[in-house]
Amino acid sequence: MDAEGTGGERETPARRRGQGELESQVLSVLGEATEPVTAAWVLQRLGGGLSYSTVITILTRLHAKQAVSRTGPKRPVLWQPVANEAGLAALRMRRLLDKQSDRDAVLSSFVSVLSADDEELLRSLLAESGAGGAAPGEPGAGGPGSGGSGSGRPGHGRSGAATDRPEG
């Protein structure tokens, strides 16, 4: 195709959205609603030249991901968010993890690339949920003065990608 856009190829009228961008926009719009809403309501607030069928497709995908709920078979179908954007990202991460054969290696690698602040936040969230493994004050529990905290990155207190797990 030459510089003037001729040569038989069509020019793309708008940029291609990033993966999950429309889903995030739909969740954001749904989050503004004070009650369950129709797809037409979502479409009206999204604007941007989307078709009704595109909005239905996105809502259906979000429903399959358990990020939104819908009313039963009666019409009109009403939609409401179950997960916000952070919840949708967590669902995506979980689906990716579920596809891996070596979950331990994936989680270990994930922790090894977290910033020190993100790792500490993760440890704190795990401890709050009761799934944190080591109790406060035990090796591997993290926290100030425990001696078990480290980021898993070179230069950040631990070497290698392994987490603070007892051997054996």
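**Helix packing and local geometry in a predicted model**

Among contacts in the protein between residues at least 6 apart in sequence, 48% join residues at least 24 apart. The model is predicted. Its secondary structure comes to six helices and two strands. Along the sequence these elements follow the pattern α-α-α-β-β-α-α-α. The protein has 168 residues, of which 25% count as buried.

Helix H2 spans residues 39-46. Its buried residues are Ala 39, Val 42 and Leu 46. Seen down the axis of H2, these residues fall within an arc of 60°, so they line one face of the helix. Their cover includes helix H1 (21-32), helix H3 (52-64) and strand S2 (79-81). Gly 47 follows H2. The phi of Gly 47 is positive, near 60°.

The packing of H1 on H2 was examined next. The two helices pack at an angle of about 110°. Their axes are 10 Å apart. That angle lies in the range of 65 to 115 degrees, which makes H1 roughly perpendicular to H2. On the H1 side, the contact is made by Gln 25, Val 26, Val 29 and Leu 30. On the H2 side, it is made by Trp 41, Val 42, Arg 45 and Leu 46. By class, this contact has six nonpolar residues, one polar and one charged. Val 42 and Leu 46 of H2 take part in this contact, and both are among the buried residues of the helix.

Helix H4 covers residues 85-98, and helix H5 covers residues 103-112. They pack at an angle of about 135°, with their axes 9 Å apart. H4 and H5 are therefore oblique to each other. H4 contributes Met 93, Arg 94, Leu 97 and Asp 98 to the contact. H5 contributes Arg 103, Val 106, Leu 107 and Phe 110. By class, the contact of H4 with H5 has five nonpolar and three charged residues, and no polar ones.

Strand S2 holds Gln 80. This residue is partly exposed, with a relative accessible area of 32%. Leaving aside neighbours within four places in sequence, Gln 80 is in contact with Pro 36, Val 68 and Ser 69. Gln 80 and Thr 34 are 46 residues apart in sequence. In space, the C-alpha to C-alpha distance between Gln 80 and Thr 34 is 9.2 Å.

Two loops were examined for backbone geometry. Most residues other than glycine have a negative phi, and most peptide bonds are trans. Gln 66 has a positive phi, near 60°, although this residue is not glycine. Gln 66 is found in the loop between H3 and S1. Gln 66 is exposed, with a relative accessible area of 59%. The other loop runs between strand S1 (68-70) and S2, and Pro 76 lies in it. A cis peptide bond joins Arg 75 and Pro 76. Omega of this bond is about -5°.

Note on methods
Residues numbered from 1 in each chain as written. Predicted model: local features only at pLDDT ≥ 70, side-chain atom pairs only at ≥ 80, totals over all residues. Heavy atoms only, no water. Buried < 20%, exposed > 50% of the residue type's maximum accessible area, 1.4 Å probe, protein only. Helix = DSSP H or I, 4+ residues; strand = E, 2+ residues; numbered from the N terminus. Arc of directions from axis to C-beta. Contact = heavy atoms within 4.5 Å. Axes fitted to C-alpha atoms, helices over the stretch in contact; angles between N-to-C directions. Parallel < 35°, antiparallel > 145°, perpendicular 65-115°, else oblique. Nonpolar A, V, L, I, M, F, W, Y, C, P; charged D, E, K, R; others polar.
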